[in-house]
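Please read the following report alongside the sequence and the coordinates.

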2 protein chains.
Amino acid sequence: MTGTGWQPVRKTRTFEDVLAQVERRIAEDGLMAGDRLPAERQLAEQLGVSRSSVREAMRVLETLGVVSSQVGRGPDAGAVLVSKPDAALTDLLRLHLGLASLEPREVIDTRLMIERWAAARAALTRPDVSVLAEAIAGMDRAASPEEFVEHDTAFHCALAEASGNRLIAAFMRSLRDSLRRYAVEAVVRLGDTSGLQTDHRRILRAVLEGDPDEATEAVTAHLARAYPDLCGE
Amino acid sequence: MTGTGWQPVRKTRTFEDVLAQVERRIAEDGLMAGDRLPAERQLAEQLGVSRSSVREAMRVLETLGVVSSQVGRGPDAGAVLVSKPDAALTDLLRLHLGLASLEPREVIDTRLMIERWAAARAALTRPDVSVLAEAIAGMDRAASPEEFVEHDTAFHCALAEASGNRLIAAFMRSLRDSLRRYAVEAVVRLGDTSGLQTDHRRILRAVLEGDPDEATEAVTAHLARAYPDLCGE
DNA sequence: CTGATGCTATGGTCTGACCATACTGTGGTC
DNA sequence: GACCACAGTATGGTCAGACCATAGCATCAG
């Protein structure tokens with residue numbers, strides 16, 4: 001289950017074996033999101049392992065956003081395959097930020113990279129921009145920095161969604177979740193949000209007009225305003 | 001432990017409580033990579049839960065690349081805090097690709113985005129390029145597409161490392177791991193690798209000369225050659 | 001036909017046991 | 001005193017079996 005390269009010759013643990021078997025079954029049977037996995041007790045018997053080991057494997061799959069477990073009985077109960085990488089990415093970023101093994105700077109830089117790319121892509125695909133417009137209106141109405149950031153996050157995540165790339169959109173959502181604290185600080189530091197709103201409208205206009213270069217430029221200007229100390233790129 | 005937003009009012013499971021406690025302890029005590037967590041039995045007693053629940057929490061943390069468990073006794077035994085997000089990202093991508101909830105196109109596009117950014121950054125930071133040069137030499141010596149891709153991966157990952165952003169470098173490694181199969185196919189399809197090598201040398205030169213625009217351009221040209229069907233960006 | 005009620009399969013949790021591992025300390029030997 | 005063999009022990013890994021809460025399902029009474 002772990003990545004391809006691993007130096008130590010460590011013996012494969014039972015739950016790792018379960019993971020491999022489940023992954024193999026997913027690939028061979030062509031299982032998709034929405035399909036059900038066998039019940040824990042059943043899977044344990046099939047693989048000749050204890051239920052504990054199956055449970056640990058399930059926990060891993062759940063952490064990776066691949067399965068969702070529901071108690072009870074019926075079609076929706078049991079371990080169902082899903083596709084929710086967001087929580088996994090968010091947890092990953094938050095924990096590694098907490099461990100100080102990632103600098104905020106690195107996370108913010110990553111966000112800059114994603115956002116510029118997504119804006120250009122969104123301008124090319126001419127998406128539905130109603131969510132973007134609504135988010136801008138929400139920011140206009142916002143009565144507190146927290147509320148402003150809430151709608152700001154919605155705006156930027158919608159922009160990433162509009163790029164049409166689900167991986168990048170998921171990454172963007174996770175980055176925003178991890179950076180919410182810093183975003184609020186930035187808004188408080190700025191005080192006046194009218195400049196940010198001007199930027200947002202410029203980004204929206206560029207997307208509407210299908211001008212990727214202008215969209216990239218607008219996003220760059222926006223982020224330079226929001227994080228002036230990090231603009232040196 | 002799960003991300004901030006979660007609609008269902010689902011009762012907090014015990015292992016999630018353990019995760020929260022451990023995370024709190026990491027934050028409050030300022031624990032860093034290399035520090036040890038209490039033993040499973042000890043932690044279970046401290047938190048008033050069973051060892052099973054502690055183990056499930058450990059499995060999650062291990063999946064996220066935050067802890068590493070070692071059996072035996074001594075200073076290196078037990079659950080040690082680490083910082084290895086690579087395997088987590090790789091597993092995440094591979095599983096979601098297997099579930100067909102992510103298209104190869106989306107992953108490859110993400111790679112393009114990262115690579116262009118990293119090349120420009122590397123050109124600005126003037127890193128040690130010996131690894132890059134060695135990777136190019138390795139590709140010259142390669143006797144099979146698999147071997148070529150091996151060194152090609154090393155080259156592109158080294159480029160990402162050279163950007164100085166560990167998050168992006170980790171993401172790049174995971175992307176390459178997930179895409180190894182497609183990379184080999186691309187090399188086989190091309191047949192002749194001399195063009196790719198010309199590109200690699202151009203990228204290396206641009207980084208050496210500290211020219212970020214040329215580096216971006218070189219990477220773009222390289223990827224357009226490697227994935228001609230995806231060049232429409 | 002409808003509603004109430006017991007049944008049952010599911011995940012969630014706990015307990016207690018045993019194993020393999022790898023360090024630690026002890027004691028004997030040279 | 002230095003060194004080595006060996007028992008002790010704390011660690012994670014695994015298993016078996018039990019009990020609980022949940023939630024759909026089947027049955028039966030009206």
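Predicted model: local features only at pLDDT ≥ 70, side-chain atom pairs only at ≥ 80, totals over all residues.

Residues are numbered from 1 along each chain as its sequence is written, chains are lettered from A in the order in which they are written, and side-chain values use heavy atoms, with hydrogens and water left out.

**Chain A.** Chain A has 10 helices and 2 strands, where helices (H or I, at least four residues) and strands (E, at least two) are DSSP runs numbered from the N terminus. Starting at the N terminus, the order of elements in chain A is α-α-α-β-β-α-α-α-α-α-α-α. The UniProt record, an unreviewed entry, places "domain: HTH gntR-type" at residues 12–84 of chain A; such positions are given in the numbering used here, feature names are shortened, and annotations may be inferred rather than shown by experiment. This span is 51% helix and 11% strand, and its end C-alpha atoms are 27 Å apart.

The C-alpha trace of chain A spans about 65 × 40 × 35 Å along its principal axes. Of the 233 residues in chain A, 51% are buried, where buried means under 20% relative accessible area, exposed over 50%, and partly exposed in between (1.4 Å probe, protein chains only). Contacts (heavy atoms within 4.5 Å) between residues at least 6 apart in the sequence of chain A join residues at least 24 apart in 65% of cases.

**The interface.** Contacts link 65 residues of chain B with 64 residues of chain A. The buried area between the two chains is about 5500 Å², with 59% from carbon and sulfur atoms; buried area is the accessible area (1.4 Å probe) that two parts lose on being put together, summed over both. Leu99(B), Met113(B) and Leu167(B) supply 13% of the area that chain B buries against chain A, more than any other three residues.

Most residues other than glycine have a negative phi.

Ala100(B) lies in the loop between helix H4 (85–98) and helix H5 (104–125) of chain B, while Arg126(B) is in the loop between H5 and helix H6 (130–141) of chain B.
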